[in-house]
Amino acid sequence: MTESTNNISEYIISIYRKEDLMRAYQFDLEKFGAQVINFFPISDKEKLAEVNHYEEFMQKMKDQGITEKGHLEELNELVGTLSRLHDQLKIDDDAYFSVYQKALPFIENNMSHAKGAIKDEVQICLNGIYGFLLLKIAERTIQPEEQEMVDRFGDLLSLLSYKYEEQKVSN
């Protein structure tokens with residue numbers, strides 16, 4: 001992870017946000033720099049480094065053909081890794097399975113709404129949390145059942161991220 005977080009789920013969601021931000025600016029680095037980077041409370045040298053970082057990020061998205069939709073290959077690989085760990089933990093870890101059971105009705109409901117477009121439980125949870133963040137940004141009222149779903153997804157992703165870090169340290 002290159003971002004300053006040791007929570008893999010938070011990292012993935014932060015990159016989803018970054019991808020959408022680049023799409024919202026239609027990959028116009030000049031406009032993005034003027035309207036966003038110029039307002040960062042950092043030195044001019046640091047702003048230049050940010051411009052370079054975002055330029056590389058935009059190019060990576062273009063190279064991977066995800067200017068309209070989709071996620072970077074490295075994120076898809078991370079989600080795949082998390083999904084395999086999730087499947088293993090459901091079998092091997094009773095505490096994890098208990099947290100999973102609380103999230104399961106919400107996972108199933110979201111999978112049903114996805115109509116087969118998303119079949120991965122971890123991806124459903126990540127999308128749910130990301131969608132919640134977008135609703136908060138739009139200042140939309142969050143219904144109690146939506147909050148319950150987000151809480152369950154958050155609990156599951158937090159524990160999964162913890163187990164992921166724990167596994168990385170032990171390997």
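**Group meeting: an all-helix chain and its core**

From the N terminus on, the elements of this protein run α-α-α-α-α-α-α. There are 7 helices and 0 strands; helices (H or I, at least four residues) and strands (E, at least two) are DSSP runs, numbered from the N terminus. This is a predicted model, in which local features need pLDDT of at least 70 and side-chain atom pairs count only at pLDDT 80 or more, while totals for chains, interfaces and linings use all residues. Residues are numbered from 1 along each chain as its sequence is written, and side-chain values use heavy atoms, with hydrogens and water left out.

First, the overall picture. The C-alpha atoms fill a box of roughly 50 × 40 × 30 Å, taken along the principal axes. Of the 171 residues, 38% are buried. Buried means under 20% relative accessible area, exposed means over 50%, and partly exposed is in between, with a 1.4 Å probe and protein chains only. Among contacts (heavy atoms within 4.5 Å) between residues at least 6 apart in sequence, 66% join residues at least 24 apart.

Now the core. The largest nonpolar core has 45 residues; such a core is a set of buried Ala, Val, Leu, Ile, Met, Phe, Trp, Tyr and Cys residues joined through side-chain atoms within 4.5 Å. Ile12, Met22, Phe32, Leu75, Ile107, Leu126 and Phe153 touch the most other members. At least two residues of this core come from each of H1 (8–24), H2 (29–35), H3 (44–63), H4 (73–92), H5 (94–114), H6 (121–137) and H7 (144–170).

Next, H1. This helix has 17 residues and reaches 24 Å from its first C-alpha to its last, close to the 24 Å expected at 1.5 Å a residue; the expected span is 1.5 Å times one less than the number of residues. Its buried residues include Ile12, Ile15, Lys18, Glu19, Met22 and Arg23. The buried residues of H1 pack against H2, H3, H4, H6 and H7.

How do H1 and H3 pack? Their angle is about 85°, with the axes 11 Å apart. Axes are lines fitted to C-alpha atoms, for helices over the stretch in contact, and angles run from 0 to 180 degrees between N-to-C directions. That makes H1 roughly perpendicular to H3, a label that covers 65 to 115 degrees. On the H1 side are Ile15, Lys18, Glu19, Met22 and Arg23, which meet His53, Tyr54, Phe57, Met58 and Met61 in H3. Leaving aside residues up to four places away in sequence, Met22 touches Phe27, Phe32, Tyr54, Phe57, Met58 and Met61.

At the other end of the chain, H7 has 27 residues and reaches 39 Å from its first C-alpha to its last, close to the 39 Å expected. H1, H4, H5 and H6 are included in what covers its buried residues. Arg152 lies in H7. Is Arg152 buried or exposed? Arg152 is buried, with a relative accessible area of 18%. Not counting residues up to four places away in sequence, Arg152 touches Lys102, Ala103 and Phe106.

Last, His71, in the loop between H3 and H4. At 24% relative accessibility, His71 counts as partly exposed. With residues up to four places away in sequence left out, His71 touches Tyr16, Glu19, Gln64, Ile66 and Asn76. The C-alpha atoms of His71 and Leu48, 23 residues apart along the chain, are separated by 25 Å.

Definitions and conventions
Parallel < 35°, antiparallel > 145°, perpendicular 65-115°, else oblique.
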